[in-house]
Amino acid sequence: MKKFDLQDVEEAYEKIKPYLRMTPVVESLFLNSNKREYFFKLESLQPVRNFKIRGALNKILSLTHSEKKKGVVTISSGNHGIATAYASQLLGIKKVEVIVPIGTPQNKIEKIEKFGGLVKQIGKNYDEAHTQGMQYVKKSGMNYIDSYYSDPLIYSGQGTISLELIQQLPLLDTIVVPIGGGGLITGIAVAAKSINPAIKIVGVQTAACPAMIESITQNNFYEEYPTKDSICESLVGGIGRLSYEMLPAYVDELLAVDEADIASAIAFMAKKEKIIAEPGSCTTIAALQKYGKKIGGNTVVAIISGGNIDEQLLNKLLAEN
């Protein structure tokens, strides 16, 4: 399987930079202590309110004119679909189809449609949507925009976050990253460790779906993974093959946090830090609150990967926490 390296990430950054802003890094108001400084990298402020635009743009920019005319198709839990639709609209691609699981938050479906994507709801969870959706993709004749499985262009795009971070915080020593399929943390880890091997990479999953943790600790690739009910719909399901092959050499620690901890972290970010972050993003905050000493570091960055939280869910969590 083709892999990627720092040069691929740097090339991706040059390609996508004209289309995107450098997302801000802000210091935490309430997590800081005498020993540690905590910062948030706000990918939630991308035009599509999530980091997925980096990989989607890098991939779609690589398509030829004739490939773009055929259109693009993807399978997503929501955020990658929004990013694919937005990138396609930006680059003049008319035909965009996005397969999502039944029950995908309505706010994510609305954003896909807002940017010109045709939504197809298939399967009761992400793994089912992916399995059934790939059968449709093969018949469609359109270009498949991978979300996390094996495309090095997607991974390289996500890794551009590290290039920005090291410019913005040259002294950073620890990066805490949410894990779903693994594209985000693998891209960040490969780029960051290639620039400075001393940077600590910590990955966080919801305990409702610890697919990456189980894959690495058991040395067993979980392409699909049984999931308990979770508010982190963007993190559930199996992991990517490329992530499984590359991440173990770059990650320093993997942690799981409970759903209750994540819910509390969402409320903390909104009420105290005044930042709206979706559940998957707040796994990092829950980890810092629960395992701060274990994570360690002096200058610690939590990746806030997205802000596309369902309005009803946010209101419910704010009332309860």
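Predicted model: local features only at pLDDT ≥ 70, side-chain atom pairs only at ≥ 80, totals over all residues.
Q: Is strand β4 mostly covered or uncovered?
A: Strand β4, residues 96-100, is mostly covered, with five of its five residues buried. Buried means under 20% relative accessible area, exposed over 50%, and partly exposed in between, with a 1.4 Å probe and protein chains only. Strands (E, at least two residues) and helices (H or I, at least four residues) are DSSP runs, numbered from the N terminus.

Q: Which way do the residues of β4 point?
A: Val-96, Val-98 and Val-100 point one way, while Glu-97 and Ile-99 point the other way, and all are buried. In a regular strand the side chains alternate between the two faces of the sheet.

Q: What is the strand order in the sheet that holds β4?
A: The order is β5-β4-β3-β6, in an open sheet of four strands with parallel pairing. Two strands pair if DSSP finds at least two bridges between them. The edge strands are β5 and β6 (143-144), each of which pairs on one side only.

Q: How many bridges join β3 to β4?
A: Four bridges join β3 (residues 72-75) to β4, and the two run parallel. Within this pairing, Ile-75 has Ile-99 of β4 as its bridge partner.

Q: Which helix does the chain pass through from β4 to β5?
A: The chain passes through helix α5, residues 106-114, and this β-α-β crossover is right-handed. A crossover is right-handed if, with the strands pointing away from the viewer, the path from the first strand over the helix to the second runs clockwise. β3, helix α4 (residues 79-90) and β4 also make a right-handed β-α-β unit.

Q: Changing topic, at what angle do α11 and α13 pack?
A: Helix α11 (residues 259-273) and helix α13 (residues 311-320) pack at about 90°, with their axes 9 Å apart. Axes are lines fitted to C-alpha atoms, for helices over the stretch in contact, and angles run from 0 to 180 degrees between N-to-C directions. The two helices are therefore roughly perpendicular to each other; angles under 35 degrees count as roughly parallel, over 145 as roughly antiparallel, 65 to 115 as roughly perpendicular and the rest as oblique.

Q: Which residues of α13 make that contact?
A: Leu-314, Leu-317 and Leu-318 of α13 meet Ala-263, Ile-266, Ala-267, Ala-270 and Lys-271 of α11. Contact means heavy atoms within 4.5 Å.

Q: And how do α11 and α12 cross?
A: Their axes come within 8 Å and cross at roughly 100°, α12 being residues 282-295. That makes α11 roughly perpendicular to α12.

Q: Finally, is β7 enclosed or open?
A: Five of the five residues of β7 (residues 174-178) are buried, so this strand is largely enclosed by the rest of the structure. β7 pairs in the parallel sense with β8 (residues 200-206) over five bridges, and with β10 (residues 299-304) over three bridges. Thr-174 stands opposite Lys-200 in β8 and opposite Val-300 in β10.

Note on methods. Residues numbered from 1 in each chain as written. Heavy atoms only, no water.
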